[in-house]
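Let's take a walk through this model together. Keep the sequence and the 3D view open as you read.

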Amino acid sequence: MKDRKENGVYYTPQVLAEYLANPLITANTRTILDPSYGEGSLLLAAERIFKKKNNSSEIQLFGCDTKPVNGLLKHLPEANLKETDFFTYQPEILFQTILMNPPYVRYQTQNIEKIKKYRNAISEFSILNNKADLWAYFLLKASLHLEKDGNIGAILPWAFLQADYSVPLRKWIVENFHEIKAVALSNKYFDKADERVVVIWLKGYGKKNESIKIAASKSLESEITFSDLPMDNWVSDRVFYSDANSIDHILSRYKNEFGYMNFINYADVKIGVVTGAVDYFIMPKQKAKETGFSADQLVPILTNPDEFSQYLSNGEKNLLFLISIKEEDYAKHIDYIQRGIEHQYHLRSHSLRRKPWYSIQTGKTPDAFFHYRVSKTPYMVLNCWNTQSTNSIHRIYFKDLSEVEKKWIFVSFLSRPSQLSLEAKSKTYGRGILKIEPKTLKDALVIKRSDPCINSVYKKVTQLLSSGQKVKAVDIASEFINKELGIPYDLKILTEETLSTLQNLRLQQGK
Ligand SMILES: C[S@@+](CC[C@H](N)C(=O)[O-])C[C@H]1O[C@@H](n2cnc3c(N)ncnc32)[C@H](O)[C@@H]1O
């Protein structure tokens with residue numbers, strides 16, 4: 001455990017090692033160094049790939065580590081593996097390729113005396129401030145062991161893209177490498193380490209930079225699309241953040257560049273039915289029948305957003321029913337009405353506004369429903385069963401949309417831009433709960449299209465929501481919309497980060 005913290009001892013799993021090594025191994029590869037090779041996973045991955053690609057084993061592998069775990073590299077010449085501190089390592093040759101997953105050791109845990117000594121010995125370290133993590137020193141020193149035109153593949157923490165101390169390092173990289181490529185992974189790849197990693201490939205040491213490409217992905221399994229990153233973004237404080245990173249700016253980009261529109265363009269929002277005496281007017285079907293009501297007097301009604309997920313899978317089954325008594329049925333239900341009067345329900349303010357007080361006018365059947373109060377992931381549910389809702393759920397009336405268009409809106413509500421528009425503009429109250437007023441919902445951003453490719457995503461997302469898997473539903477909906485709309489990497493990440501920051505702040509309020 002101590003070794004992990006002080007020496008950053010985490011060995012790279014095979015899939016990640018191969019992913020890192022693969023783009024750098026060609027028929028011309030001759031020498032590879034891992035400056036902190038541990039068990040040798042990166043060197044072994046390189047060897048495997050080289051053999052596969054060239055049907056030959058003529059590759060020279062070199063390693064250095066203060067505490068190597070020998071055993072897997074016994075076939076290599078002993079002289080190629082040095083059990084020593086990389087900062088004092090002085091090989092006789094320069095290497096064509098360096099693969100590394102260097103130790104991540106925070107400045108607070110570093111050996112200050114040693115760092116001072118390294119700083120005195122290696123002038124390049126002067127670009128790093130005293131908050132730099134040990135991996136940053138590793139990356140700089142590794143570059144000094146490269147042949148001209150050589151390449152580095154490294155697994156680094158997200159701090160590489162986001163920490164202040166990384167800015168001068170990124171500047172240095174852009175001045176020294178022809179091509180830069182990076183992918184930020186959000187899944188955890190290291191057992192017992194929470195660190196999220198970035199895989200970077202730096203090609204063409206000593207040549208003017210011509211390309212910076214970046215991508216973000218949950219995992220290596222999904223398809224990864226790289227985008228060009230402008231130089232000024234690469235050398236900014238946080239690679240993901242452009243200078244105009246206010247929420248309004250993000251949202252207006254979705255509107256102006258990608259066709260998101262305010263929901264009000266496609267629908268009207270009304271609060272749900274107000275009864276004034278829920279327990280009196282709303283009841284299970286069986287009880288309503290026993291009380292003498294017939295099927296045509298019962299309106300299925302959603303009373304609580306917790307019912308959403310099961311409404312999606314079971315429809316009106318298990319729903320409660322609203323009693324709708326017409327004035328002409330007074331005599332038939334006189335006992336029931338009298339009971340209401342005994343409880344003084346007829347004097348409640350909402351009852352006083354109705355004529356007669358026991359006859360609730362539900363108004364038109366809504367086309368869909370939406371959360372009013374919710375702690376995470378508000379969403380819309382389409383009304384397929386002539387259902388109504390109480391005022392704890394909003395009612396939605398579409399303006400002439402096709403079924404496919406409604407599905408687009410349903411899915412787009414789960415996409416992060418839409419979630420961000422709701423999160424940013426809603427009120428929060430009690431225990432960090434989001435309170436989405438009709439005005440906020442009308443202003444929320446959605447996408448309406450008529451491409452039937454939405455059908456399968458709609459189905460998938462509905463299934464996820466009906467089994468309570470909201471987070472997954474947001475992932476799938478966002479991935480789909482991002483791809484369909486061609487949302488660029490920087491905007492996608494900015495949206496993700498901004499949304500999760502806002503959510504975390506709100507949820508913390510609730511604690
Ligand atoms: C994150 S592990 C990675 C090991 C291997 N590269 C891999 O990918 O599986 C980091 C390694 O750095 C080694 N290490 C820590 N400080 C070092 C130093 N100053 N010089 C050389 N190796 C060091 C540790 O012993 C450990 O094996």
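How many nonpolar, polar and charged residues does the shell around the ligand have? By class, that shell has nine nonpolar, eight polar and five charged residues. Here Ala, Val, Leu, Ile, Met, Phe, Trp, Tyr, Cys and Pro count as nonpolar, Asp, Glu, Lys and Arg as charged, and the others, Gly among them, as polar.

Before going further, a word on what you're looking at. This is a predicted model, where local features need pLDDT of at least 70, side-chain atom pairs count only at pLDDT 80 or more, and totals for chains, interfaces and linings use all residues. Residues are numbered from 1 along each chain as its sequence is written.

Back to the ligand: 22 residues surround it, and the closest are Thr-12, Ser-36, Gly-38, Phe-86 and Asn-101. Helices (H or I, at least four residues) and strands (E, at least two) are DSSP runs, numbered from the N terminus.

Now zoom out. An automatic or database domain assignment gives domain 1 (2-234), domain 2 (240-266 + 401-430 + 437-511) and domain 3 (274-362). Taken over C-alpha atoms, the centres of domain 1 and domain 3 are 68 Å apart.

What about the inside? The largest nonpolar core has 133 residues, and Ala-21, Ala-46, Val-198, Val-199, Met-380 and Val-411 touch the most other members. Helix H5 (residues 134-144) gives this core its largest share, eight residues. Such a core is a set of buried Ala, Val, Leu, Ile, Met, Phe, Trp, Tyr and Cys residues joined through C-beta atoms within 7 Å. Buried means 20 or more other C-beta atoms within 10 Å of a residue's own, exposed means 12 or fewer, and partly exposed is in between, with C-beta atoms placed from the backbone.

Helix H16 (residues 416-425) is mostly covered, with eight of its 10 residues buried. Next, find Pro-438 in helix H17 (residues 438-443). Pro-438 counts as partly exposed because it has 17 C-beta neighbours inside 10 Å.

Finally, how confident is the predictor? The chain averages a pLDDT (the predictor's confidence in each residue, from 0 to 100) of 91, and 95% of the residues score at least 70. Over residues 241-245, however, pLDDT stays under 50. Where pLDDT is low, the predicted coordinates should not be read in detail.

Key
Near = placed C-beta within 6 Å. Contact = placed C-beta atoms within 7 Å.
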